[in-house]
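Hello,

Here is the structure I promised to hand over. Please open it first, then read my notes below.

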Amino acid sequence: MASIATEPNGRRRILVETHDGKRKTIRLGKASAKDAQEIRMHVERLAAAAGNSTPPPENTLVWLRGVGEKLHARIAAIGLCAARVDAAAAPVTVVTVASLFGDYIARRTDLKRGTVLVLEQAKRHASS
């Protein structure tokens with residue numbers, strides 16, 4: 001269950017009970033009552049989904065993808081969604097055909113020696 005609290009200075013915050021039974025706060029700052037109500041509804045759905053180990057409704061996921069970085073980070077900080085990954089900071093992994101062949105051959109412990117030789121040959125030809 002989530003609720004909206006308005007502080008004396010006009011700033012709003014959402015209080016939500018997470019799946020671990022603790023009450024967490026998401027500060028919204030100066031937000032209209034309508035915006036705060038919409039955010040509360042989606043946060044409540046995220047909390048319910050996390051508590052039931054089910055996926056949130058599709059419209060909540062669409063909303064979550066569209067929210068700003070600041071609000072998304074605040075929702076992620078209380079454990080209702082995963083933090084966004086910065087594409088520029090994410091490491092780039094290069095996968096080659098040779099590495100795919102090597103992984104496949106290593107996993108297939110049931111293959112006969114002749115089959116392994118044929119696959120090794122295919123690996124050499126694919127990587128050249």
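Start with helix α2, residues 58–66, whose buried residues are Thr-60, Trp-63 and Leu-64. Looking down the axis of α2, these buried residues fall within an arc of 100°, so they line one face of the helix. That arc is taken from the directions from the helix axis to the C-beta atoms. An α-helix has 3.6 residues a turn, so residues three or four places apart point the same way. The face of α2 turned away from the buried side carries the exposed residues Glu-58, Arg-65 and Gly-66. Buried means under 20% relative accessible area, exposed means over 50%, and partly exposed is in between (1.4 Å probe, protein chains only). Helices (H or I, at least four residues) and strands (E, at least two) are DSSP runs, numbered from the N terminus.

Before you go on, note that this is a predicted model: local features need pLDDT of at least 70, side-chain atom pairs count only at pLDDT 80 or more, and totals for chains, interfaces and linings use all residues. Residues are numbered from 1 along each chain as its sequence is written, and side-chain values use heavy atoms, with hydrogens and water left out.

What do the buried residues of α2 pack against? They pack against α1 (33–52) and α3 (69–77). Contact here means heavy atoms within 4.5 Å.

**How the helices pack**

Two packed helices are described by the angle between their axes and the distance between the axes. Axes are lines fitted to C-alpha atoms, for helices over the stretch in contact, and angles run from 0 to 180 degrees between N-to-C directions.

Take α1 and α2. Their axes come within 10 Å and cross at roughly 115°. The crossing of α1 and α2 is left-handed. Left-handed means that the near helix is turned anticlockwise from the far one by less than a right angle; clockwise would be right-handed. On the α1 side, the residues are Glu-38, Ile-39, His-42, Arg-45 and Leu-46. They meet Asn-59, Thr-60, Trp-63 and Leu-64 in α2. By class, this contact of α1 with α2 has 4 nonpolar, 3 polar and 2 charged residues. Ala, Val, Leu, Ile, Met, Phe, Trp, Tyr, Cys and Pro count as nonpolar, Asp, Glu, Lys and Arg as charged, and the others, Gly among them, as polar.

Now α4 (residues 97–107) and α5 (residues 113–127). They pack at an angle of about 170°, with their axes 8 Å apart. α4 and α5 are therefore roughly antiparallel to each other. The cut-offs are under 35 degrees for roughly parallel, over 145 for roughly antiparallel, 65 to 115 for roughly perpendicular, and oblique for the rest. α4 passes α5 in a left-handed crossing. From α4, the contact includes Val-97, Phe-101 and Ile-105. From α5, it includes Val-116, Leu-119 and Ala-126. The contact of α4 with α5 has 9 nonpolar, 2 polar and 2 charged residues.

**Two buried residues**

Leu-28 lies in strand β3, residues 23–29. At 17% relative accessibility, Leu-28 counts as buried. Leaving out residues up to four places away in sequence, Leu-28 touches Arg-12, Arg-13, Ile-14, Ala-36, Ile-39, Leu-71 and Arg-74.

Is Arg-40 buried or exposed? Arg-40 is buried, with a relative accessible area of 16%. This arginine is in helix α1. Not counting residues up to four places away, Arg-40 touches Ala-2, Ser-3, Ile-4 and Ile-14.

**Loops and the end of the chain**

Ser-53 sits in the loop between α1 and α2. Ser-53 is exposed, at 69% relative accessible area. Most residues other than glycine have a negative phi. Ser-53 has a positive phi of about 55°, although it is not a glycine.

Pro-56 is also in the loop between α1 and α2. Pro-56 and Leu-46 are 10 residues apart in sequence and 5.8 Å apart in space, C-alpha to C-alpha. Setting aside neighbours within four places, Pro-56 is in contact with Leu-46, Ala-49 and Leu-61.

Arg-84 is in the loop between α3 and α4. At 31% relative accessibility, Arg-84 counts as partly exposed.

Ser-128 lies in the segment after α5. Ser-128 is exposed, with a relative accessible area of 77%.

Best wishes
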